[in-house]
Structures are given as C-alpha cells and as structure tokens.
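Dear colleague,

I am passing on the structure below, together with some notes on what was found in it. Please read the notes with the model open beside them.

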Amino acid sequence: LKDIPRQIGASLTLSSKKTSLREMAEQAILREITPMAALVNDRGDLLYLHGRAGMFLEPSPGETGINNILKMAREGLRSGLTTSLRKSVASKEPTSCTGLHIKTHDGTLRVDVTVHPVTDGPLASSTTPLYLIILKNVPITEGPPEMLNTLAKGAGSHENQILAMQAELRAKENEIESSHSELERSNEEFKSFNEELQSVNEELQSTNEELETSKEEMQSINEELATVNAELQSKVLDFAKVNDDINNLIAGTGIASVFVNHQLSILRFTPAAAKIINLIPSDLGRAVNHIVSNLIGYNELAQDIHAVIDTLVSRDKEVQATTGGWYSMRIQPYRTLDNVIEGAVISFIDITEIVNAREQLLQMLNQHLRLAVVVRDSYDAITVQDMNGKIMAWNPAAVRIYGWSEAEALGMNATERIPAQHRKHAAADLVSLSKAEILTPSITQHLAKDGKLVDISLISTALINEAGETYAIATTERVVSKK
C-alpha cells in the first residue's frame with residue numbers, strides 16, 4: 001500500500017494522453033485489489049471514490065449535497081479518519097489507524113485506515129495537495145495471537161467479553177486521542193482566529209481613524225469646492241459679459257462673418273452677414289451651399305471652403321452683391337486654441353468705395369496715358385516746370401529742337417534756357433501764371449544746347465491742384481521761321 005501514490009505518479013508520467021482522475025485512481029487501486037479508497041484534498045473533500053463505500057460512509061441526516069468524507073464517515077470511523085488525515089497533512093507522510101470499530105445495521109466492523117499523500121506524478125504539482133485514503137475491512141479472526149488462542153481453546157464467554165471490552169477500550173482510547181488532537185488543533189485555530197480578529201479590530205480602528213481624517217479632508221475639499229464654485233460663477237458672469245462685448249464689437253465693426261464646420265453647416269453668423277448671403281436665424285445648422293446667395297456670378301463658395309479646409313491656405317476674392325455693393329471675401333481655416341482645424345470662417349469687408357475709387361483712378365490713368373501719347377507724339381516741344389523753375393517733363397520734340405536729352409533736361413532749371421534779355425519778362429509771366437492768369441501766346445527766344453538762340457512761339461499754361469493753387473507750368477514751344 002505504501003507504493004500506491006508512487007504507482008499513480010508513474011502511471012501518469014508514462015501515459016501519453018491526458019488521463020482522468022478516475023482512471024488514474026482505479027489503475028493504482030486495482031493493482032492492490034483495494035476494496036474501498038477515496039481521493040481527497042487536505043479538507044477531506046471527495047474528488048474520486050472507488051469501491052463499495054456504503055459500509056463506511058453514509059449521508060448525514062437532514063443534509064444534502066455533502067461531498068466531504070469526514071462528514072460522511074460512520075460512527076467509530078470519523079475520529080480515527082480525521083486524526084489520520086490531519087497528521088498526514090501536517091507531516092506530509094503516510095499515516096494509519098488500525099482496529100477502528102464501525103457500527104452498522106449488520107453489527108460491528110473492524111476497519112484499518114491508511115492515508116497516503118500523493119507526491120509523485122502530475123498531481124504532485126497541483127496547487128492543492130491530494131491524499132489517497134484506503135479503508136480496509138479486517139475480519140475479527142485477524143486479531144492478536146493471544147486473543148485467537150483463547151478463542152481456539154474454547155474459553156468461556158467471560159474471557160470473550162473481557163477481550164471484546166479491551167478491544168473496545170483501545171478503540172475508545174484512540175477516539176479520545178483523536179478528539180484530544182482535534183481539540184488542540186481547534187484551540188490553535190481559535191487562537192489564530194482570535195489573533196486575526198484582534199488584527200482586524202486594529203485595522204478597523206485604523207480605518208476608522210482614516211475615515212475621520214478623510215471626513216475632515218472631505219469637509220476641507222467641500223469648502224474648496226464651494227470657493228471654486230463661487231469663482232466659476234464669477235468667471236461665467238465675466239465670460240457672459242466678454243461675450244456680449246465681442247458680439248457688440250463684431251456688430252459695431254460691420255464686418256460680416258459666417259462660421260461653418262467641416263460639413264459646411266452654419267454654426268453662427270454676424271448680423272451684417274445676413275444681408276450679404278441672405279441668412280436668417282433658422283438657417284443655423286443648414287449647409288451653406290443650400291442657402292440662396294445674394295452674390296452676383298459667384299457659385300463656387302462650397303468648393304472654395306472645401307479647398308481651404310483641405311489645404312489650410314486662405315482664399316481672397318472680390319464679389320458683388322445684388323444691391324450693387326462690392327465686398328472683399330476671405331475664406332480662412334477656423335483654428336482652436338490647440339491649433340485644431342474645426343471648419344472655416346468666411347469674412348466680408350465692404351470695399352464699394354475702394355472699387356469706385358479704383359475705377360476713377362483707372363479712368364484718370366487712361367486719360368493720362370492718352371495725354372502722354374499726345375505729348376510724346378507732338379511736333380511741338382512740351383515741357384513742365386515747377387514754380388521754382390525745375391524742369392519736370394521734356395518730350396522728344398524738345399530734345400530735337402534744343403539738343404538736350406530728357407535726362408539732361410530733367411536736371412536743369414528753366415532759367416538756363418532763357419537768354420538774359422528775356423529773363424525779366426519771363427519772371428513777370430511766372431508771377432501772372434502763379435495767380436492763375438491766362439497769358440496770350442508770345443514770340444520769344446530760348447537757348448539751345450549748342451548756344452544758339454531759337455525763335456519760338458510760346459504758350460504757357462498754369463497747372464492747378466484740387467486746392468486751386470498753381471503747382472506747375474506747362475509750355476508748348478513751336479519754332480518760328482525767320483522771314
């Protein structure tokens with residue numbers, strides 16, 4: 001019997017397939033032809049039962065579903081079985097208890113109990129130690145030799161009773177010893193439990209102190225939260241005021257702005273934008289490309305917004321409304337404080353006056369260009385000088401008549417071209433022109449680059465600015481042939 005656990009381990013090691021607990025126990029037990037055996041854990045819970053166990057085990061009255069061999073053991077077996085299992089659990093060695101008497105319906109049975117720890121094979125690596133309990137029914141004829149001799153000689157009933165009482169006394173002594181061991185173990189468990197209770201009590205006291213501290217901390221946190229709440233309420237009021245200020249600022253600037261998300265849904269818009277894109281408050285949440293626009297000849301708003309969101313590059317265009325006004329439209333990405341793109345912003349700035357001024361400037365420029373062409377292609381010398389006499393303009397005809405190039409003439413003063421005898425008269429004409437007086441054409445002489453005098457017919461005209469002041473004098477000079 002001592003080799004049964006080792007045989008179980010060997011059978012498990014040699015098996016190439018996963019074997020159930022039943023197969024392992026039966027293979028080892030059948031080798032020893034054991035009438036009854038059980039595989040249990042250290043608490044006595046049954047894992048597998050072999051053989052006819054009815055003469056040794058019975059269910060406890062009033063209890064069902066109990067699979068613990070110690071609770072199911074019959075009277076006379078429980079104490080010895082409990083003692084043997086406890087000893088084997090404590091010592092990790094096989095233990096046995098012989099000569100136990102079990103009372104059954106058919107009389108009294110004599111039983112030997114053996115407990116073997118399972119230390120070999122795969123079961124030995126289990127987290128829960130396993131034990132093999134073997135219960136063997138021993139006939140009365142297998143008693144001590146002196147008892148058998150007395151029975152063989154036909155000893156009287158009195159001696160038989162004494163022997164039976166002695167056997168029963170030994171069984172009772174075993175039971176008392178088992179009960180005493182169980183009582184000692186229970187006392188140790190109670191002491192350990194008492195120590196655990198004291199430790200738990202200390203932990204509870206510590207926890208209670210921690211709870212008191214936590215309560216104080218919670219009260220402090222509550223006060224801080226109340227303060228933070230008051231500050232947040234103040235911040236909310238400040239934020240509301242700032243929001244009102246921003247709304248009034250945007251409304252006051254007159255800049256029309258529309259905010260859209262990635263799906264081009266309108267998030268918000270300023271009052272000025274309602275007149276340009278024909279928006280109403282119920283349009284919030286609608287796609288901007290579903291809104292009827294007041295812009296003339298511009299239907300690419302949705303495409304431009306998508307392009308700005310995809311490329312993160314702003315776009316500027318000039319658009320005209322049906323009212324006739326012109327606007328500078330800018331589409332740029334909408335960035336959060338964390339530099340996350342959340343959509344786009346469409347802004348409109350009224351540039352009607354700028355466009356009109358630009359048109360006027362273009363018209364004036366065209367006029368000046370036409371005048372410049374006339375001056376350039378004129379057969380007469382046309383010059384311009386400021387009120388100090390500095391030459392400001394010198395056309396090709398002047399180059400041909402007088403010999404100075406345009407670059408040379410622009411660095412000269414008009415008095416350098418006037419002979420000394422004519423300078424007094426030229427000064428008087430300058431005074432008259434400064435007063436915006438009209439002079440009649442006159443015949444005079446001007447110097448050429450080679451020093452010769454050129455007879456010319458001179459027409460002088462005052463150039464007047466918007467303030468009505470003369471700022472320059474234009475001359476038209478034609479060569480007069482001598483007769």
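**Confidence in the model**

The chain has a mean pLDDT of 80, and 82% of its residues reach 70 or more, pLDDT being the predictor's confidence in each residue, from 0 to 100. Over residues 10-18 the pLDDT stays under 50, and the model has eight contacts for them beyond four places in sequence, a contact meaning heavy atoms within 4.5 Å. The pLDDT is also below 50 over residues 142-148, a stretch with six contacts in the model beyond near neighbours in sequence.

This is a predicted model, in which local features need pLDDT of at least 70 and side-chain atom pairs count only at pLDDT 80 or more, while totals for chains, interfaces and linings use all residues. Residues are numbered from 1 along each chain as its sequence is written, and side-chain values use heavy atoms, with hydrogens and water left out.

Helices (H or I, at least four residues) and strands (E, at least two) are DSSP runs, numbered from the N terminus. Helix α4 (residues 78-91) has 14 residues and reaches 20 Å from its first C-alpha to its last, close to the 20 Å expected at 1.5 Å a residue, where the expected span is 1.5 Å times one less than the number of residues. Its buried residues are S79, G80, L81, T82, T83, S84, L85 and S88; buried means under 20% relative accessible area, exposed over 50%, and partly exposed in between (1.4 Å probe, protein chains only). S88 has a relative accessible area of 0%, and, leaving aside residues up to four places away in sequence, S88 touches E93, T95, V115, P117 and Y131. Just after α4, K92 takes a positive phi of about 60°.

In helix α8 (residues 301-311), the buried residues are L301, A302, D304, I305, A307, V308 and I309, and they pack against β6 (256-260), β9 (315-321), β10 (326-335) and β11 (341-350). L312, which follows α8, has a positive phi, near 60°.

On the surface, M218, I221 and L225 form a nonpolar patch with about 290 Å² of accessible area together. Accessible areas come from the Shrake-Rupley method with a 1.4 Å probe, and for residues only the protein chains shown count as cover. Patches are made of residues with over 30% relative accessible area and no salt bridge, like charges being joined within 9 Å and nonpolar side chains (Val, Leu, Ile, Met, Phe, Trp, Tyr) within 5 Å. L225 is found in helix α6 (residues 157-253).

**Salt bridges**

The structure holds 12 salt bridges, each a side-chain nitrogen of Lys or Arg within 4 Å of a carboxyl oxygen of Asp or Glu. One of them joins the side chains of R330 and D316 (2.6 Å, N to O), linking strand β10, which holds R330, to strand β9, which holds D316, 14 residues apart. R330 is partly exposed at 39% relative accessibility, and D316 is partly exposed at 45%.

In another, the closest N and O atoms of D380 and R478 are 2.9 Å apart. D380 lies in the loop between α9 (352-377) and β12 (381-386) and R478 in strand β16 (residues 470-479), so the pair ties together parts that are 98 residues apart in sequence. D380 is buried, with a relative accessible area of 9%, whereas R478 is partly exposed at 48%.
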